[in-house]
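The sequence and structure come first.

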Amino acid sequence: MAHPTQLGFQDAASPVMEELLHFHDHALMIVLLISTLVLYIITAMVSTKLTNKYILDSQEIEIVWTILPAVILVLIALPSLRILYLMDEINDPHLTIKAMGHQWYWSYEYTDYENLGFDSYMVPTQDLAPGQFRLLETDHRMVVPMESPVRVLVSAEDVLHSWAVPSLGVKMDAVPGRLNQAAFIASRPGVFYGQCSEICGANHSFMPIVVEAVPLEHFENWSSLMLEDA
Amino acid sequence: MSLPKPAMRGLLAKRLRFHLPIAFGLSIIAAVAFKFTVTEPRKQAYADFYKHYDSMKEFSAMREAGVFESVRPTGK
């Protein structure tokens, strides 16, 4: 989850998010390069006594400031396209979960083998136990097996929502009447938080997402227990 | 006694010849510094974290701390 005074991304919990982090570092490095150059040039321009206004036909600099930005854009585009295609690979998921957005909660359906479904409402602030996170905890978490490819089919029952878990590198719009597919692998066990990321009404900020990644054996025990309780 | 003729042409070119290498140099230094103080340490940190990562050991520690809702601590 995010912590106060945080500036960067949350720690990655999936291979895709790790790649996105490294790409962001690469892009930020290029931004820093350009910003330093421009800042120096601005400083040089405001501190000169030269006031020649008649500057025409400077072919050399025109060529330089056409070719150089094109090269920089290619240097950004190549790793970007690499990650794009990486994210789009056939990933043969071990599990498919449907995440349905409602006003104002998420519901999850595990229908690969049995029909398991439950709603996931935010825990109100006054009902939080000590140590729990305000506006992030839910009564039922989406449990997934760790280190396994998981497919999430995201849709909505009423208005637009968006299912997002930053540390897993997932954000997918929930559109009524449409099924969007997202995939992730939780690299390690843990609890990963997210929030609805498309404005959906009064309680848009109060329908969080909690993904719990546990070993497969415990995931199977949990799903059996949930089916018994249903 | 006559003064030497001052430079009347090429003033901008002279200024550019001085400042542009410094500008490009500084920006490349900034980029390289960022690469070796942020980018590479981050990659190394993730590599080091996962090199000897024992997911079952970490899971057990988290389970005993009561982090999970799907799995209770042993003994409960």
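This is a predicted model: local features need pLDDT of at least 70, side-chain atom pairs count only at pLDDT 80 or more; totals for chains, interfaces and linings use all residues.

Val46(A) sits in helix H1 of chain A, which covers residues 15-46. Val46(A) counts as exposed because its relative accessibility is 67%, and the cut-off for exposed is over 50%.

Strand E4 of chain A, residues 142-145, is covered on both faces. Met142(A) and Val144(A) lie on one side, and both are buried. Val143(A) and Pro145(A) lie on the other, and they are buried too. In a regular strand, side chains alternate between the two faces of the sheet.

E4(A) has a partner in strand E10 of chain A, residues 208-214. The two strands pair in the parallel sense, over 4 bridges. Within this pairing, Met142(A) stands opposite Val211(A) of E10(A).

Next comes the interface between the chains. The size of an interface is often given as the accessible area lost when the parts come together.

| Item | Value |
|---|---|
| Residues of chain A in contact with chain B | 37 residues |
| Residues of chain B in contact with chain A | 32 residues |
| Area buried between chain A and chain B | about 3,000 Å² |
| Salt bridges between chain A and chain B | 2 salt bridges |

Of the buried area, 70% is on carbon and sulfur atoms. Arg141(A) forms a salt bridge with Glu69(B). Their closest N and O atoms are 3.8 Å apart.

Notes. Residues are numbered from 1 along each chain as its sequence is written. Chains are lettered from A and ligands numbered from 1 in the order in which they are written. Side-chain values use heavy atoms; hydrogens and water are left out. Buried means under 20% relative accessible area, exposed over 50%, partly exposed in between (1.4 Å probe, protein chains only). Two strands pair if DSSP finds at least two bridges between them. Contact means heavy atoms within 4.5 Å. Buried area is the accessible area (1.4 Å probe) that two parts lose on being put together, summed over both. A salt bridge is a side-chain nitrogen of Lys or Arg within 4 Å of a carboxyl oxygen of Asp or Glu.
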